[in-house]
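Subject: Structure handover

Hello,

Here is the structure I promised you. Please open it alongside this note; what I found comes after it.

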Amino acid sequence: MQTIKAAVCHEFGKPLVIEDIRLRAPEMGEIEVTLDAVAICHSDISYAEGAWGGTLPAVYGHEAAGRVTGVGAGVNGLSEGDPVVVTLIRACGACPSCGGGRPTGCETAYDGDRGPITTADGGVLHQAMACGAFAEKVVVHHSQVVKMPGEMAMDAACLLACGVITGIGAVVNAANLRAGQDVVVIGAGGVGLNAIQGARIAGARRIVAVDMSEAKLDDARAFGATDGVLATEAKPWRAAKKAMGRGADAVFVTVGA
Ligand SMILES: [Zn+2]
Ligand SMILES: [Zn+2]
């Protein structure tokens, strides 16, 4: 058991409090990571505002990057010092969804109230989203950790844990986009830009970004959009269809993400 600092939510809608908490050593199948960077996802803000309920006190944060500083029994392929991304996607590897190749749909429940963290006096402290990454260190299941090339900047790498894979995964896994297809992405925020990037990686022909702001459309083009349409136009769908010369094969709605 060691003492670390974390940003703890004691009351919904109130500022997080940076304080000492306790973190136990990694057990069977777990990894300890000392964090260099953590992103603030809108889901963290929604949780802290009480939008989705949950146990308090709690530590949020689920998009992190750092270095492995502890390896539990039964973990292969990871060593102390390895740079890793830490994600909220925890997969048991044994349930029907995991066995069917869909680890994001893992059916094995995780009880964050009985995780590796406790308050300084040993009380229940909720490890939100199986991560609790608004902290100096986390202990997570090995399935939540991906080793990365050493030269990646940690503040960029941490974004891979949620925002990037949500956008790219929607294109590559959910829509199964194929080379030469046309897409429309509505909303060029964090997830939308990564849907655009995913479409580019998948070999899309036309990638039409739709947003309320010209500056966001510039960002969209930098991420691979071939066309930008302002949603403030009278009939923006006409401009989108004109850009593709046909209807879209897939439309991604990433508004409010
Ligand atoms: Zn997130
Ligand atoms: Zn599973």
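A definition comes before the salt-bridge count: a salt bridge is a side-chain nitrogen of Lys or Arg within 4 Å of a carboxyl oxygen of Asp or Glu. By this rule the count is 11 salt bridges. Please keep in mind that this is a predicted model.

**Salt bridges**

Start with Arg205 and Asp182. Their side chains form a salt bridge at 3.0 Å, N to O. Arg205 sits in the loop between α5 and β12, and Asp182 in the loop between α4 and β11, so the pair ties together parts that are 23 residues apart in sequence. Asp182 is buried, at 0% relative accessibility. Arg205 is partly exposed, at 41%.

Next, Arg206 and Asp227. This salt bridge is also given as 3.0 Å, N to O. Arg206 lies in the loop between α5 and β12, while Asp227 belongs to strand β13 (residues 227-230), so parts that are 21 residues apart in sequence are tied together. Arg206 is partly exposed, with a relative accessible area of 27%. Asp227 is buried, at 16%. There is also a network to look at: salt bridges with shared partners join Asp182, Arg205, Arg246 and Asp249.

Arg24 is buried, with a relative accessible area of 17%. Glu27 is partly exposed, at 44% relative accessibility.

**Zinc site**

Which residues coordinate the zinc ion (ligand 1)? They are Cys41 through SG, His62 through NE2 and Cys162 through SG, at 2.1 to 2.3 Å. Along the chain, the donors follow the spacing C-x20-H-x99-C. His62 and Cys162 link distant parts of the chain, 100 residues apart. His62 is in the loop between β4 (58-59) and β5 (63-71). Cys162 is in the loop between α3 (154-157) and α4 (163-174).

**Helix α5**

Helix α5 covers residues 190-201, which makes 12 residues. At 1.5 Å a residue it should span 16 Å. The C-alpha atoms at its ends are 17 Å apart, which agrees. Its buried residues are Val191, Gly192, Leu193, Asn194, Ala195, Ile196, Gly198 and Ala199. What do they pack against? The partners are α4, β11 (183-186), β12 (207-211) and α6 (214-222). After α5 comes Gly203, with a positive phi near 90°.

**Surface patch**

Val251, Val253 and Val255 make a nonpolar surface patch of about 290 Å². Val251 is part of strand β14 (residues 250-253). A residue must have over 30% relative accessible area to join such a patch. Val251 is at 48% and counts as partly exposed, so it clears that cut-off.

**Where to look in the model**

For the zinc ion (ligand 1), centre on Cys41, His62 and Cys162. For the salt-bridge network, select Asp182, Arg205, Arg246 and Asp249. For the nonpolar patch, select Val251, Val253 and Val255.

Best wishes

Terms used: Residues are numbered from 1 along each chain as its sequence is written. Chains are lettered from A and ligands numbered from 1 in the order in which they are written. This is a predicted model: local features need pLDDT of at least 70, side-chain atom pairs count only at pLDDT 80 or more; totals for chains, interfaces and linings use all residues. Side-chain values use heavy atoms; hydrogens and water are left out. Donors are N, O and S atoms within 2.8 Å of the metal (3.2 Å for Na, K and Ca); water is not among the atoms, so sites may look incomplete. Helices (H or I, at least four residues) and strands (E, at least two) are DSSP runs, numbered from the N terminus. Patches are made of residues with over 30% relative accessible area and no salt bridge: like charges are joined within 9 Å, nonpolar side chains (Val, Leu, Ile, Met, Phe, Trp, Tyr) within 5 Å. Accessible areas come from the Shrake-Rupley method with a 1.4 Å probe; for residues, only the protein chains shown count as cover. Buried means under 20% relative accessible area, exposed over 50%, partly exposed in between (1.4 Å probe, protein chains only). The expected span of a helix is 1.5 Å times one less than its number of residues. Contact means heavy atoms within 4.5 Å.
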